[in-house]
Structure formats: structure tokens, C-alpha cells
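Me: I'm new to this one. Can you put it up and walk me through it?

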Amino acid sequence: GHRSQVSRQLTAQLPQEKAVPVLWSLVQEFPDEPEYRRGLARCLDESGQHDEAIGILGKLATDFPNVYQVELAELLRKRVGRYRDTDQVDKAIADLSEAIRLDPRNVDGYRSRADLYQAMGDFEKAVADFDKAIELKPEEWYLWCQRALANIARARDDEYRTDCGEMLQRFGQTDEAQLVAWTCALAPDAISDWSKAVALAEKAD
């Protein structure tokens, strides 16, 4: 609507240091208008004030169910980078878990949480998240490779073998074939016929 357009124009045309106070004034003048609050949250996020932005958008998502949840999930996933860089893993996982609850069809939440679990050595939880991520985006080779590595780590050779067979079939003729092949050659005793994987991998040399 009209106010949504005004909010977008302010964010686009004014420098952030000017747009933020203008949007704050509009929010105070029109407290029941969600688009001004949304615009303010976006502007705060772009200026690096992630916690404040998430607080505003979180209230919006509560006030207007099924309207702002996906945007809130996006901001939560962005904040994870800061937590990860400062070794606040528990907070990162909490944000990703909430992002998944809000936006369960977005693969990024599962992938990022699986990576964190894998780095922590919690391979069972990592595989569960990679399972869901692959269900949502089976064409992404990285997810298959990481699940295969997690299966090696938890001594699930049968599942590792299954992943490798599927990966070689799906990605054997793609640009990622060599990386996939090296993943499948990491534990050759777990694969019934790994000569194809090694042959592909050796092309990287």
C-alpha cells in the first residue's frame, strides 16, 4: 500500500543515518502501521544494528502471524554469522533453530545448523539436518558430500556407500565431479567398487 511505498522510498533514497530517525518518527506517529516498522527493521539491519532489527521484526511476526515470519528468519540467519565468528555457537544454533521454525522450507537454515553440529562433532544431529536439506534441495552437491563425511565420522559405512553411489550418479559429469570423487575415495573399504571414484579424483592432479 501507500505506506509500504513510502517506507521503501525512504530506505532507498535517504542515507541510513537520516532514514532511521525519520522511520522512528513514523513508527511513533503510526504505531499500528506495520510497514513503517518493517522498513525501520530493514534499515537498522543494513546499518549493522541486527539485534534491534530482529526485536522489531520479531514483534511484527507475533502481531501478524504468517506475514513477516520469512523475513524474520532471514535476519536470524544473517545474525548467525556474527555469533559464529565470535564462537557463540549456542546462540547461533538457537537462531538457526528459530529460523527453521519460522521458515521450514528454506534450505539455508538446515545447512548452516548441520555445519555447526558437524564442527562440534555432533554427527547424528548433523546428518538429520543434512537429510532435511537434501530433501529440500537434492541438486546441491555440497549437502551430499557433507552428509557422506558425517556418515564416515559416525562409522555408518552402509550409509556412506549409499551416498557415494548416489553422488557419483548425480554429479559425476558436473564441475564438482572431482570433489565428489575425492569424498567417495576417503574410505575406499566402505565402497564395493571405488575405482571410478579414484579415477575421477585423480583428474584433479
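Reply: Helices here are DSSP runs of H or I with at least four residues, strands are runs of E with at least two, and both are numbered from the N terminus. This is a predicted model, where local features need pLDDT of at least 70, side-chain atom pairs count only at pLDDT 80 or more, and totals for chains, interfaces and linings use all residues. Residues are numbered from 1 along each chain as its sequence is written, and side-chain values use heavy atoms, with hydrogens and water left out.

Me: What angle do the axes of α4 and α5 cross at?

Reply: Roughly 155°, and the axes come within 9 Å. Helix α4 covers residues 50-63 and helix α5 covers residues 69-85. Axes are lines fitted to C-alpha atoms, for helices over the stretch in contact, and angles run from 0 to 180 degrees between N-to-C directions.

Me: Which residues make the contact?

Reply: From α4, they include His50, Ile54, Leu57 and Ala61. From α5, they include Gln69, Leu72, Leu76 and Tyr83. Contact means heavy atoms within 4.5 Å. By class, the residues divide into 8 nonpolar, 3 polar and 4 charged. Ala, Val, Leu, Ile, Met, Phe, Trp, Tyr, Cys and Pro count as nonpolar, Asp, Glu, Lys and Arg as charged, and the others, Gly among them, as polar.

Me: Gln69 is in that list. Is it buried or exposed?

Reply: Gln69 is buried, with a relative accessible area of 14%. Buried means under 20% relative accessible area, exposed over 50%, and partly exposed in between (1.4 Å probe, protein chains only). Leaving out residues up to four places away in sequence, Gln69 touches Ala61, Phe64 and Leu102. Gln69 and Leu102 are 33 residues apart along the chain, yet their C-alpha atoms are separated by 5.4 Å.

Me: What about α3 and α4, what angle do they pack at?

Reply: About 155°, with the axes 7 Å apart. Helix α3 is residues 34-46. These two are therefore roughly antiparallel to each other. In α3, Leu40, Ala41 and Leu44 are among the residues that meet α4. On the α4 side, Ala53, Ile56 and Leu60 are among the partners. This contact has 8 nonpolar, 1 polar and 6 charged residues.

Me: Zooming out, how many helices and strands does the chain have?

Reply: The chain has 12 helices and 0 strands. Of its 205 residues, 46% are buried. Among contacts between residues at least 6 apart in sequence, 45% join residues at least 24 apart.

Me: Which residues touch the most other members of the largest nonpolar core?

Reply: Leu143, Met167, Val180 and Cys184, out of 27 residues. A nonpolar core is a set of buried Ala, Val, Leu, Ile, Met, Phe, Trp, Tyr and Cys residues joined through side-chain atoms within 4.5 Å. Elements giving two or more residues to this core include α5, α8 (123-136), α9 (141-153) and α11 (177-184). There is also a second, separate core of 23 residues, which includes Ala19, Ala41, Ala53 and Ala61.

Me: Back to Val180. What is it in contact with?

Reply: Trp141, Cys145, Met167, Leu168 and Phe171, leaving aside its neighbours within four places in sequence.

Me: And Ala133, where is that?

Reply: Ala133 is in helix α8. Its relative accessible area is 0%, so Ala133 is buried. Not counting residues up to four places away in sequence, Ala133 touches Val107, Tyr110, Arg111 and Leu143. Ala133 and Arg111 are 22 residues apart in sequence and 6.1 Å apart in space, C-alpha to C-alpha.

Me: Now the loops. What is phi of Asp87 near?

Reply: Near 60°, a positive value in a residue other than glycine. Asp87 lies in the loop between α5 and α6. Asp87 is exposed, with a relative accessible area of 66%.

Me: Where does Ala155 lie?

Reply: In the loop between α9 and α10. Ala155 has a positive phi of about 60° although it is not a glycine. At 61% relative accessibility, Ala155 counts as exposed.

Definitions and conventions
Parallel < 35°, antiparallel > 145°, perpendicular 65-115°, else oblique.
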